[in-house]
Amino acid sequence: MNDPAIWQFSLAAMHALIWGASLLVALLLFLRFSTPRGLAVLTLIMTVALVMLGAYVRLSDAGLGCPDWPGCYGQLSPTYAAEQIQAAQSAAPNGGVSLPKAWREMVHRYFASLVGVMVLAIAIKALRDRRTRLRDPDDPAGKYGLPIALVIAVVAQGLFGKWTVTLLLKPAIVSLHLLGGMTLVALLAWLCARHLRLTGGPPSSLRSLRPLATIGLVVLSVQIALGGWVSTNYAALACMDFPTCHGAWKPATDFSHGFHFVRELGMTTNGEPLSNEALNAIHWAHRIGALVTTVVLIAAAVALLRAHPALRRQAMWIKTALVLQILIGISTVHFAKPIFLATAHNFVAAVLLATLMVAAYRVSGPKSNAGFAVSTTLRMQK
């Protein structure tokens with residue numbers, strides 16, 4: 001085989017076969033040795049870690065460490081693409097391609113592939129166990145609507161991951177990729193709460209909490225989207241002081257360009273560099289959103305604390321995650337955005353979202369909260 005093109009194609013095909021076989025083996029292991037509850041909890045933990053890893057890749061400017069997809073210059077591993085990576089780095093020493101960056105990006109893809117396999121295993125288990133609905137209507141193993149939604153979400157997330165690279169880090173696509181990861185965290189948190197059959201007390205004490213829990217989730221989701229927009233536009237240090245911005249409570253801003261979503265990274269729709277005023281607008285909107293989110297989530301936590309003893313620990317989780325997130329956000333600005341703090345900011349956001357999602361499940365209604373009682377009654381009648 002003397003033709004270099006044929007050799008490269010054969011090598012890439014072999015690597016793809018190895019990758020696919022490894023994922024298939026992982027899928028079979030998850031199906032054989034994991035329980036639905038254990039798999040759901042493990043997948044949630046892995047997805048939160050994946051969100052943190054994705055943030056680290058983005059913040060370390062490694063998003064284009066491998067400028068193709070799904071491999072790296074057509075190879076499964078950066079090791080086999082070292083020659084192409086070296087050539088790209090020599091052509092642009094300050095560019096986004098280097099061997100360390102390539103490895104960060106590919107490790108992120110490996111990790112994402114594993115999470116995808118775990119989500120697929122959740123769906124297969126749910127479909128395989130759907131007959132349990134005939135025995136116990138409230139048995140989580142027999143409910144497969146949410147697992148199917150998770151598969152759809154993970155496929156969409158994979159596409160956004162591809163477009164993030166192939167469309168050269170367009171802010172809108174990168175932000176949607178981040179939101180996709182957070183959506184997976186939220187859905188998995190709800191699934192875990194359902195499998196664990198977490199309760200919130202009598203339905204009469206929960207009715208008034210449901211609107212507040214919904215509002216809290218909406219507000220937090222908007223704030224996460226604003227934070228993603230800050231990150232994908234590299235506007236975290238647009239305001240270097242706190243609580244003011246450039247010493248002003250009302251800094252010079254340009255919201256029209258800052259929040260125009262269909263554009264290239266760092267550019268306006270006219271192809272001009274994004275101004276400091278536009279970056280100020282992006283950053284300042286996130287700070288205002290943080291203030292609103294803090295007020296709403298504190299109100300939600302206080303309401304949970306007063307509603308029923310079963311929800312007190314849930315309220316403490318929300319308040320602890322919220323305070324930690326605020327401190328990390330302030331420290332990120334104060335210490336000029338060290339990668340550790342900026343990555344932790346994404347991690348705690350995912351934890352806060354999962355915690356609030358669990359709280360929303362616990363107050364969602366009699367069916368979810370009375371599941372254990374219904375199940376017990378059915379068993380006693382047999």
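Trainee: Buried means under 20% relative accessible area, exposed over 50%, partly exposed in between (1.4 Å probe, protein chains only). Is Cys192 buried or exposed?

Mentor: This is a predicted model, where local features need pLDDT of at least 70, side-chain atom pairs count only at pLDDT 80 or more, and totals for chains, interfaces and linings use all residues. Residues are numbered from 1 along each chain as its sequence is written, and side-chain values use heavy atoms, without hydrogens and water. Cys192 has 5% relative accessibility, so Cys192 counts as buried.

Trainee: How many disulfides does the structure hold?

Mentor: A disulfide is a pair of cysteine sulfur atoms within 2.5 Å. Cys66 and Cys72 form one, with sulfur atoms 2.1 Å apart. Cys239 and Cys245 are joined by another, S to S 1.9 Å. The number of disulfides held is 2.

Trainee: Which hand does the disulfide of Cys66 and Cys72 have?

Mentor: Cys66 is at 0% relative accessibility, so it counts as buried. Cys72 is also at 0% and therefore buried. The torsion about their S-S bond is about -80°, so the disulfide is left-handed.

Trainee: What is the S-S torsion of Cys239 and Cys245?

Mentor: Cys239 counts as buried because its relative accessibility is 0%. Cys245, at 0%, counts as buried too. Their link is left-handed, and the torsion about its S-S bond is -70°.

Trainee: What pattern do the disulfides follow?

Mentor: Bonded cysteines are counted along the protein chain. One link is Cys66 with Cys72. Cys239 with Cys245 is another. The pattern is 1-2, 3-4.
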